[in-house]
Amino acid sequence: MESNEKRLQTIPEICHNLNISSTTLWRLRKKGEIPFIKAGNTVLFDYNEVIAALKKSSSLGGLK
C-alpha cells in the first residue's frame, strides 16, 4: 500500500495530515497558496506539492 504522502488526498485527509481546519485549507486554496486538482465536484491535493508550496510561501507559522 502506498503511503499517504504519495497519493492524492481529499479535504479531510489533507486537513488531518497538515493539522489545519477546513476553513484554513479553503483560505489557502482561495488565495492560490497551495495547488489542488478539481475532478468533478471533488477537490484533491498532492501532499508533497502542498508542503513544497507552503515552504516556499512561508505563510504557515508566521514566518513571513
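**Terms set against values**

Trainee: Why is Asn19 called exposed?

Mentor: The relative accessible area of Asn19 is 71%, and exposed means over 50% (buried is under 20%, partly exposed is in between, with a 1.4 Å probe and protein chains only). So 71% puts Asn19 in the exposed class. Before we go on: this is a predicted model, where local features need pLDDT of at least 70 and side-chain atom pairs count only at pLDDT 80 or more, while totals for chains, interfaces and linings use all residues. Numbering starts from 1 along each chain as its sequence is written, and side-chain values use heavy atoms, with hydrogens and water left out.

Trainee: What makes the phi of Asn19 worth a mention?

Mentor: Asn19 is not a glycine, yet its phi is positive, at about 60°. Most residues other than glycine have a negative phi. As for its place, Asn19 sits in the loop between helix 1 and helix 2.

Trainee: How do you know which pattern the chain follows?

Mentor: From the DSSP runs, numbered from the N terminus: H or I over at least four residues is a helix, E over at least two is a strand. That gives 3 helices and 3 strands, and along the sequence they read β-α-α-β-β-α. Of the 64 residues in the chain, 25% are buried.

Trainee: Why are helix 1 and helix 2 described as roughly perpendicular?

Mentor: Their axes cross at roughly 100° and come within 9 Å. The axes are lines fitted to C-alpha atoms over the stretch in contact, with angles from 0 to 180 degrees between N-to-C directions. Now the classes: under 35 degrees is roughly parallel, over 145 roughly antiparallel, 65 to 115 roughly perpendicular, and the rest oblique. Helix 1 and helix 2 are therefore roughly perpendicular.

Trainee: Which residues make that contact?

Mentor: Ile11, Ile14 and Cys15 come from helix 1, and Ser22, Leu25 and Arg29 from helix 2. Contact here means heavy atoms within 4.5 Å. By class, the contact of helix 1 with helix 2 has 4 nonpolar, 1 polar and 1 charged residues. The nonpolar class holds Ala, Val, Leu, Ile, Met, Phe, Trp, Tyr, Cys and Pro, the charged one Asp, Glu, Lys and Arg, and the others, Gly among them, are polar.

Trainee: What else does Ile11 touch?

Mentor: Leaving out residues up to four places away in sequence, Ile11 touches Ser22, Leu25, Arg29, Val43 and Phe45. Ile11 counts as partly exposed, because its relative accessibility is 29%.

Trainee: And helix 1 with helix 3: at what angle do they pack?

Mentor: Helix 1 (residues 11-18) and helix 3 (residues 47-57) pack at about 50°, with axes 11 Å apart. That makes helix 1 oblique to helix 3. The residues of this contact divide into 6 nonpolar, 1 polar and no charged.

Trainee: What makes a crossing left-handed or right-handed, and which is it for helix 1 and helix 3?

Mentor: If the near helix is turned clockwise from the far one by less than a right angle, the crossing is right-handed, and anticlockwise makes it left-handed. Helix 1 passes helix 3 in a right-handed crossing. Ile14, Asn17 and Leu18 in helix 1 meet Tyr47, Val50, Ile51 and Leu54 in helix 3. Asn17 and Tyr47 are 30 residues apart along the chain, with C-alpha atoms separated by 8.6 Å.

Trainee: How do you know that Asn17 and Gln9 form a polar contact?

Mentor: Their side chains are joined at 3.1 Å. The limit is a pair of N or O atoms within 3.5 Å, one able to donate a hydrogen and the other to accept it within protein, and neighbours adjacent in sequence count only if both atoms are side-chain atoms. Gln9, in strand 1 (residues 8-9), is buried at 0% relative accessibility, whereas Asn17 at 27% is partly exposed.

Trainee: Why does Glu33 count as buried?

Mentor: Glu33 has a relative accessible area of 14%, so it is buried. Glu33 lies in the loop between helix 2 (22-30) and strand 2 (37-39), and its side chain makes a polar contact of 3.3 Å with that of Lys31.
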